[in-house]
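Reader: I am new to this structure. Could you walk me through it, one question at a time?
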Amino acid sequence: MKLKFEVGDEDFSLAGRASSELKGVLKRLGIGPDLVRRASIAMYEGEINMVIHAGGGVAEAEIEADRVVLTLIDAGPGIPDLSLAMTEGWSTAPDRFRELGFGAGMGLPNMRRNCDEFDIESEVGKGTSVRMVIRL
Amino acid sequence: MTVRRMTEILEARIASGEDQMDLEVSAACGADLMSDVMAFVKEKVVLLTGLVNPQAIRTADLMDIRVVVLVRGKSPTEDIVAMARENGMVLLSTKYSMFLACGRLYEAGLRGGGIREIA
């Protein structure tokens with residue numbers, strides 16, 4: 001099963017719809033609560049990142065018999081220093097997002113922590129793509 | 001601790017979940033940044049937050065958190081109450097600050113909340 005979501009940048013209050021829907025689908029498929037939570041958090045942080053940093057993007061979830069593969073692709077500004085971006089607490093989010101509850105510098109670390117495989121590619125001026133695998 | 005007892009301790013107003021006053025909670029997390037909640041929370045906690053927007057409810061839902069307390073006298077907007085109701089969540093408002101709300105619950109015996117080692 002493949003789910004595809006367009007993540008927009010217009011309305012921050014809508015961010016998280018993809019993860020909510022993913023959570024619902026995984027629950028209905030009878031997948032255990034811990035795995036559902038991990039996949040939902042990984043997707044949610046990814047969505048929020050795309051809204052804050054890239055002006056939106058595309059999120060996909062492929063649900064297979066033994067794994068969930070999440071792919072997030074944006075055409076945003078890219079990440080100049082990936083190892084810095086993966087450091088807990090390091091954030092470049094504008095202050096207005098901190099007032100909205102984000103920008104703790106935990107997004108990418110949270111995504112990596114919640115999946116079994118994590119790959120990120122980013123090119124300045126081109127965008128960022130993230131692939132996450134959660135084994136069921 | 002039951003939600004009913006918590007409501008008394010925090011002198012809280014109930015915005016959603018009136019039918020869940022007997023729900024038992026054993027741990028709490030106070031945070032305004034939702035990624036910290038997602039990084040930190042392992043148990044089914046009560047979330048105390050000053051963040052009044054849909055992301056607070058969405059984060060709670062993704063984390064299977066059933067009880068959210070808005071601190072510092074903040075009232076939820078209608079859309080947030082609707083989201084909480086839709087998700088079957090208890091939503092409370094208290095006049096107390098984050099510090100005082102957490103302190104009152106701790107003093108009353110709610111001690112769980114987890115520890116995260118310094119990175």
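**Two chains, question by question**

Author: This is a predicted model. In chain B, take the contacts between residues at least 6 apart in sequence. Of these, the share that joins residues at least 24 apart is 52%.

Reader: What is the corresponding share for chain A, with residues 24 or more positions apart?

Author: Again the contacts counted have a separation of 6 or more.

Reader: Which pattern do the elements of chain B follow?

Author: Chain B has five helices and five strands. Read along the sequence, they give α-β-β-α-β-α-β-α-β-α.

Reader: And in what order do the elements of chain A run?

Author: Chain A also has its count: five helices and five strands. From the N terminus on, the order is β-α-α-β-β-α-α-α-β-β.

Reader: What radius of gyration does chain B have?

Author: Start from its 119 residues. A compact globule of that length would have a radius near 14 Å. The value for chain B agrees with this: 13 Å.

Reader: What is the radius of gyration of chain A?

Author: Chain A has 136 residues, for which a compact globule would come near 14 Å. Its C-alpha trace spans about 40 × 30 × 25 Å along the principal axes. The radius of gyration agrees with the globule value, at 14 Å.

Reader: How far apart are the centres of the positive and negative side chains in chain A?

Author: Chain A has 16 positive and 22 negative side chains.

Reader: Which three residues supply 27% of the area that chain A buries against chain B?

Author: The contact takes 26 residues from chain A and 19 residues from chain B. The area buried between the chains is about 1,800 Å², with 54% given by carbon and sulfur atoms. On the chain A side, three residues supply more than any other three: Lys23(A), Arg37(A) and Tyr44(A).

Reader: Which residues of chain A are in contact with Thr59(B)?

Author: Thr59(B) lies in helix α3, residues 54-62 of chain B. Its relative accessible area is 0%, so Thr59(B) is buried. Leaving aside neighbours within four places in sequence, its contacts in chain B are Met34(B), Val37(B) and Met38(B). Those in chain A are Tyr44(A) and Phe102(A).

Reader: Which residues of chain B does Asn110(A) touch?

Author: Asn110(A) sits in helix α5 of chain A, residues 107-113. With a relative accessible area of 0%, Asn110(A) is buried. Not counting residues up to four places away in sequence, it touches Glu45(A) in chain A. In chain B, Asn110(A) touches Ser35(B), Met38(B) and Ala39(B).

Reader: Why does Met89(B) count as buried?

Author: Met89(B) lies in the loop between α4 (78-86) and β5 (90-93) of chain B. Among the residues it touches are Ser16(B), Ile57(B), Ile65(B), Val68(B) and Ala84(B). Buried means under 20% relative accessible area. Met89(B) counts as buried because its relative accessibility is 1%.

Reader: How far apart in space are Met89(B) and Met21(B)?

Author: In sequence, Met89(B) and Met21(B) are 68 residues apart. In space, C-alpha to C-alpha, the separation is 11 Å.

Reader: Where is Glu11(B) found?

Author: Most residues other than glycine have a negative phi. Glu11(B) has a positive value, near 45°. Its relative accessibility is 42%, so Glu11(B) counts as partly exposed. Glu11(B) is found in the loop between α1 (3-9) and β1 (13-16) of chain B.

Reader: What is the phi of Arg72(B)?

Author: Arg72(B) lies in the loop between β4 (67-70) and α4 of chain B. At 39% relative accessibility, Arg72(B) counts as partly exposed. Although Arg72(B) is not a glycine, its phi is positive, at about 60°.

Definitions and conventions
Residues numbered from 1 in each chain as written. Chains lettered and ligands numbered in written order. Predicted model: local features only at pLDDT ≥ 70, side-chain atom pairs only at ≥ 80, totals over all residues. Heavy atoms only, no water. Helix = DSSP H or I, 4+ residues; strand = E, 2+ residues; numbered from the N terminus. Rg over C-alpha atoms; globule rule 2.2 N^0.38 Å. Contact = heavy atoms within 4.5 Å. Buried < 20%, exposed > 50% of the residue type's maximum accessible area, 1.4 Å probe, protein only. Buried area = accessible area lost by both parts, 1.4 Å probe. Lys, Arg positive; Asp, Glu negative; His and termini not counted. Charge placed at Lys NZ, Arg CZ, Asp CG, Glu CD.
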